[in-house]
Amino acid sequence: MTQQTYETNMMENSPPTGIQVVLREFKKDKVAMFSFFGVTIIMLTIFIAAWMLNQEEVLKINLLERYTEPGVNGYILGADEAGRDVLGQLIIGAKNSLLIAIWVTVIANIIGIAMGIIMGYYSGIVDNVMMRIIDFIITLPTLMIFIVLVSIIPEYGVLELVIIISAFQWIGIARLIRSKALSEGRRDYVSASKTMGTSDIAIMFKGLLPNLSSILIVEFTLSLAGNIGIETGLSFLGFGLPPSTPSLGTLVSYARNPLVLADKWWVWLPASLLILVLMLGINYIGQAFRRAADAKQRLG
Amino acid sequence: MWKTVVRRTIVMIPQMFILSLIIFILAKQMPGDPFTGLITPETDPSRIEELRIQAGFYDPWYVQYYRWITNAFQGDFGQSYTYKIAVSTLIGERALNTFWLSLLSVILVYLLAIPLGMLAGRKQDTFLDKSIILYSFISFAIPTFVLSLVFLFVFGYRFMWFPTSGTVDVGLESGTMAYFWNKIYHLLLPAMTAAILGTTGIIQYLRSEIIDAKTQDYVKTARSKGIPIRRIYARHIFRNSVLPIAAFLGFTITGLLGGSIFIETIYGYPGMGELFISSITSRDYSVITALIMLYGFLALLGSLLSDIIMSIVDPRIRID
């Protein structure tokens, strides 16, 4: 009975956002529409191609084919210093980079959303203490700490990297969700559920959470783009994925050799462009979501 | 307002203390020690052991931390094992280089962003406005290392307009005009890269501020008095919109610090960021700890600076 009343309550209170608003926003914004299909096609291609590729074959060293130019000997994008196919590495690297970014985004969003809702719902002392901790972590030189952490862990791989990055990425999400949950938690439907004796957990995750869903989608998309940047950046500096695991950042890092940068553009430029295209596309999608979530910014 | 500044400054003390503790413990966890590098087939292993004992390597961590933090308070961060000089001297030199790079970058950020933001707001919804928005969007999305590499490739190697590494050409005498201009010449490409990445926020803020100002009463009054539109933009709108962007200075500084690691490494510019990466590789603990402390301190200072400027220029958002 309580649950039912609660749900009807919810329906009356929920704003008229939803899939139609999002669709309308994408129809109005051709660039966002184009980005959406572009990013989807790129991602699908990468995952399917990586699944079909023989990773060992791609990573086999073949010194005779060293720095083969694109289009020669069947190498569409040429070969790198060790004679490995750049196109194959690009596909496997992109798959690894994307998977890490997706994992970090999922983990960081789960922690950030839970923390943010708890802070916003309870406010008061819980909120105060946690905000002080968050304020502190936010001013830390994160990139440097990532690098130190990576050099400490003796056996690090994909899992360790995901944990290290996620450990810092939830902060921003938690702050955003907190501020929204603070205002949402003062609404009538929350007080009503409280007087009806609904448990705090149920109010937080069944009541508040669905009402924040539009912001959550925005946050999820935008942090995905940011996390691609962080992983590739760390791998570029040599502190991301171990050298045996290709990543878009590792491919770009070959350009730290001036000879490669100046004359062997096919080794690093395609990966750089792919990073740029992915980040731009995902950001455009996120902005369209943001406009759909905020009635004031809508285009139509 | 002064109360806030004092309070914020006092809060920085425990923050720096916790940061120092975390950094110290992390640095101690790093594998190997600086003396491992000294071992050659000729050296006697017991001699290295002696050095380790002498340096207090086997003391409990809190004894080592206490020794480090009390010395650090007196500006003594120990010796760099790689460069064999005092860490403070080494960082001092590098910090000066990073300072010049950041200064030029900040100047370029404002030189680029103010006219672009004003133009976009004034010519709202035209092709020009849309191009500026597209530019600010790309500069927001592109990672520092990708833009740096592309710039270095295009302007450094392909067109050969700019030098590809270093701070100044050899053979130039310090103090001369030629030396000064050569230094600026070396700085331009990295500073330009940093500046382009730092413009997004200011452009978007100015644009919306100007679009907002257009409908304000003071603009309508000025219009009805017959003041030409150009003068209204130059005098009234400009003054009201530009002051608050001073508050972006703090964010710009923090952003530049974060990007300096990539930019300095890629452009081979001997600043603090480049020093950090090379110190990690050579396990130069004393340099690593001192650098992270300095970056943490500067980041805290940057956010404090933003709040102070903001409360001075815009009383509406005064902090208390």
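**A charged pair and its surroundings**

Guide: A salt bridge joins the side chains of A:Arg291 and A:Asp29, with an N to O distance of 2.4 Å. The pair links distant parts of the chain: A:Arg291 is in helix α14 of chain A, and A:Asp29 is in the loop between α2 (19-28) and α3 (30-52) of chain A, 262 residues apart. A salt bridge here is a side-chain nitrogen of Lys or Arg within 4 Å of a carboxyl oxygen of Asp or Glu. Helices (H or I, at least four residues) and strands (E, at least two) are DSSP runs, numbered from the N terminus.

Some ground rules. This is a predicted model, in which local features need pLDDT of at least 70, side-chain atom pairs count only at pLDDT 80 or more, and totals for chains, interfaces and linings use all residues. Residues are numbered from 1 along each chain as its sequence is written, chains are lettered from A and ligands numbered from 1 in the order in which they are written, and side-chain values use heavy atoms, with hydrogens and water left out.

Back to the pair. A:Arg291 and A:Asp29 are both buried. Buried means under 20% relative accessible area, exposed over 50%, and partly exposed in between (1.4 Å probe, protein chains only). Side chains of opposite charge can pair when their charged atoms come close.

Over all chains, the structure holds seven salt bridges. Another of chain A joins A:Asp135 to A:Arg132 at 3.2 Å, N to O. This pair sits within one element: both residues lie in helix α6 of chain A, three residues apart, about one turn of the helix. A:Asp135 counts as partly exposed, at 24% relative accessibility.

The side chains of B:Arg207 and B:Asp129 meet in a salt bridge of 2.8 Å, N to O. That pair links distant parts of the chain, with B:Arg207 in helix α8 (residues 200-214) of chain B and B:Asp129 in helix α5 of chain B, 78 residues apart. B:Arg207 is buried at a relative accessible area of 19%. B:Asp129 is buried too, at 1%.

Now the interface. 37 residues of chain A are in contact (heavy atoms within 4.5 Å) with 40 residues of chain B. The two chains bury about 3,300 Å² between them, 86% of it on carbon and sulfur atoms. A:Phe136, A:Met144 and A:Leu261 supply 18% of the area that chain A buries against chain B, more than any other three residues. Buried area is the accessible area (1.4 Å probe) that two parts lose on being put together, summed over both.

The count of salt bridges between chain A and chain B is zero. One residue pair between these chains is in polar contact, both at pLDDT 80 or more. Five helices of chain A each supply at least two residues of the side that touches chain B: α6 (124-138), α7 (142-152), α11 (213-237), α13 (258-263) and α14 (265-293). The largest share of that side, 11 residues, comes from α14(A). Its residues divide into 26 nonpolar, eight polar and three charged. Ala, Val, Leu, Ile, Met, Phe, Trp, Tyr, Cys and Pro count as nonpolar, Asp, Glu, Lys and Arg as charged, and the others, Gly among them, as polar. A polar contact is a pair of N or O atoms within 3.5 Å; within protein, one must be able to donate a hydrogen and the other to accept it, and residues adjacent in sequence count only if both atoms are side-chain atoms.

Chain B has 13 helices and zero strands. Of its 320 residues, 43% are buried. B:Asp125, in the loop between α4 (87-122) and α5 (127-141) of chain B, has a positive phi near 65 degrees. B:Asp125 is exposed, at 54% relative accessible area.

Finally, confidence. pLDDT is the predictor's confidence in each residue, from 0 to 100. Chain A has a mean pLDDT of 83, with 92% of its residues at 70 or more. Residues 1-14 of chain A stay under 50. Where pLDDT is low, the predicted coordinates should not be read in detail. The predictor gives the complex an ipTM of 0.84 and a pTM of 0.85.
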